[in-house]
Every structure is written in structure tokens, then in C-alpha cells.
Amino acid sequence: MKLDVPSDLGMVGDAVELVANNLPPGTLSPRRISFNLRTALAEALGNAIRYGTGEDPDRSVRVRVELLSDAVRIYVVDDGSGFDTDRLPDPTRPENIEREFGRGLFVIRHLVDDVAFNEKGNGICLTLRAGA
Amino acid sequence: MRFTLKKDKSGVVIVGVEGQLIVGNRQELKQKVLDALEEGSRKFVIDFSKTGYIDSSGLGVLVSLSKKIREQGGELRLAGLNADLQTLFELTKLDTLFAITRTAEEALAAF
């Protein structure tokens, strides 16, 4: 499955539903689809639209879903300049706990089985394994 | 997705979140609560019993609202988190920032 999501934060929810509702039955447990996949994909799309495409209505974010025998892989790629994922502060530290932003990648890392980035830093790959 | 606001007889505003609280609708929730704060309400319960998922933008707006309500001498309580959402609050340590109860009724009784 491939889709281009308009660079509009209001489209994130619909794009997430489209992906989640089109996964073949049995790919992942219903609970993992309901919560882990939906939350992680919303995070990835929100980050790509806000920071990658700058909410520019003339740009879009590409999503590709790969079904493997034992896992689902979701690639989210924007056309931005990328960012350094190693420089993000820990949102659970006391000095950060009342910050409004900065939890996205932390949340993703806890909800999926594997997270990978492309070299440029403008693409993320989320892997959710069946049976996990 | 839908937000509902109602006031109980003691003046506590109960906000229902149906569906999800994410980057695409966080501003709508924020504005509704801030409007109620502006109109004089000080005690709030956000009921997540009909909520499927919350992303980090949703968590962020709760942090922001909590601060604004506290600055006005009020209090925000959260209720009705399912097991996955409860885990999300625990892993982000936001369970230490909010008063969280099992049901909205329990939250109301605690004011």
C-alpha cells in the first residue's frame, strides 16, 4: 500500500485510519493495530508534516506499507532536510516533564519493535512484528 | 472524533474525548477548555473512556492546559484511561504530573 498524505495536520487521523483499516486480518493483533500502530503512525506523520514539509499545502508526505510474513513495516518519508535523531532530549527528565513538545520519537520507540531512519534523516521506518 | 463539554451540578467541567486526541485535533480541545476557563470554570475532568489513542501532541496539550488551569487556581484531572493509555502516561512519566482516576465519577468525587 502506498499513499501520499497532504501536508495538513488535519489529515493525519484520516491517513492513520486508512492504513489501519486496510491491513489484512491477522497481520497484527487488533490491540496492536488499535493502539501501537495508530499512535506510532500518527506520531511519524505529525513529525513529517510539521517539521519536514513545514505544513506547506503544496507538499506531501509519502507512506508505504510493506507486509512481511512476520511483520508490518511502515515507511514515512518527507522531502525536508531531515533532523538528527540523536540530539533529542529525554522527555522524562524532571526539567522536561512539563514541556509541551518533544515526546514524539520517545513514544514511537516504545510502541513499535524497531525504528530506523534513512541517512538524510527525513525518512522513518516503523516495524511492528506479529505476535509481539 | 468529537469533544463534548458538560458541567456537573457543582460546576466541574467534564470533557469527553471520543476517538483520538492527536496533532490534527489538539487545538480544538485546547480552545474549548480555554474558553471554559475564560468563562470562569476552574475544575476540569477530561474523560478518556471513549478514546482510542493519544499521540505526543495530545499529551502536550494536556500538559499545557494543566499549567494554564493551575495558573488560574484551578485543577485538571484525567479519568477513564484504558490499559494502553495508562501505560503511555507511565512511560512518559506524565502519570506523576496528573491526578488520574479510573472513572470520571471518581474524579468528580475527589474535588
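**View 1. β1(A) and strand β2 (residues 60-67) of chain A are paired in the antiparallel sense, over five bridges.** Strands pair when DSSP finds at least two bridges between them. K2(A) has R64(A) in β2(A) as its bridge partner. The model is predicted: local features need pLDDT of at least 70 and side-chain atom pairs count only at pLDDT 80 or more, while totals for chains, interfaces and linings use all residues. Residues are numbered from 1 along each chain as its sequence is written, and chains are lettered from A and ligands numbered from 1 in the order in which they are written.

**View 2. The sheet of chain A is open and has five strands.** Its strand order is β1-β2-β3-β5-β4, with antiparallel pairing. The edges are β1 (2-6) and β4 (114-117) of chain A; each has a single partner strand, so one side of each is left without a neighbour in the sheet. On average, and with direction ignored, neighbouring strands of this sheet are turned by 20° against each other. Angles run from 0 to 180 degrees between N-to-C directions, and axes are lines fitted to C-alpha atoms, for helices over the stretch in contact.

**View 3. β4(A) and β5(A) form a hairpin with five residues between the strands.** The two strands run antiparallel and are joined by four bridges. Opposite D114(A) stands T127(A), a residue of β5(A). In this hairpin G121(A) takes a positive phi near 85°.

View 4. Chain A contains three helices and five strands (DSSP runs numbered from the N terminus, helices being H or I of at least four residues and strands E of at least two). Read from the N terminus, its elements follow the order β-α-α-β-β-α-β-β. The C-alpha trace of chain A spans about 40 × 40 × 30 Å along its principal axes.

**View 5. Helix α1 (residues 12-21) of chain A packs with α2(A) at an angle of about 135°.** Their axes are 9 Å apart. At that angle α1(A) is oblique to α2(A) (under 35 degrees counts as roughly parallel, over 145 as roughly antiparallel, 65 to 115 as roughly perpendicular and the rest as oblique). On the side of α1(A), V12(A), A15(A), V16(A), V19(A) and A20(A) take part; they meet I33(A), L37(A), R38(A), L41(A), A42(A), L45(A), G46(A) and I49(A) in α2(A). Contact means C-beta atoms, placed from the backbone, within 7 Å. Sorted by class, this contact has eleven nonpolar, one polar and one charged residues. Ala, Val, Leu, Ile, Met, Phe, Trp, Tyr, Cys and Pro count as nonpolar, Asp, Glu, Lys and Arg as charged, and the others, Gly among them, as polar.

**View 6. α2(A) also meets helix α3 (residues 104-111) of chain A.** The two axes come within 9 Å and cross at roughly 150°. α2(A) and α3(A) are therefore roughly antiparallel to each other. From α2(A), N36(A), T39(A), A40(A), E43(A), A44(A), G46(A) and N47(A) meet G104(A), V107(A), I108(A) and L111(A) in α3(A). This contact has five nonpolar, five polar and one charged residues.

**View 7. In chain B, helix α1 (residues 26-38) packs with α2(B) at an angle of about 15°.** The axes are 10 Å apart. The angle makes α1(B) roughly parallel to α2(B). R26(B), L29(B), K30(B), V33(B), L34(B) and L37(B) of α1(B) meet S57(B), G58(B), V61(B), S64(B), L65(B), K68(B) and I69(B) of α2(B). By class, seven nonpolar, three polar and three charged residues make up the contact. Chain B has four helices and six strands, and its elements run β-β-α-β-β-α-β-α-β-α from the N terminus on. Its C-alpha trace spans about 30 × 30 × 25 Å along the principal axes.

**View 8. At the interface, 20 residues of chain B are in contact with 21 residues of chain A.** On the side of chain B that touches chain A, β4 (51-54), α2 (56-71) and α3 (83-91) of chain B each supply at least two residues. α2(B) gives the largest share of that side, with seven residues. The side of chain B that touches chain A has eight nonpolar, eight polar and four charged residues.

Definitions and conventions: Two residues are in contact if their C-beta atoms, placed from the backbone, lie within 7 Å.
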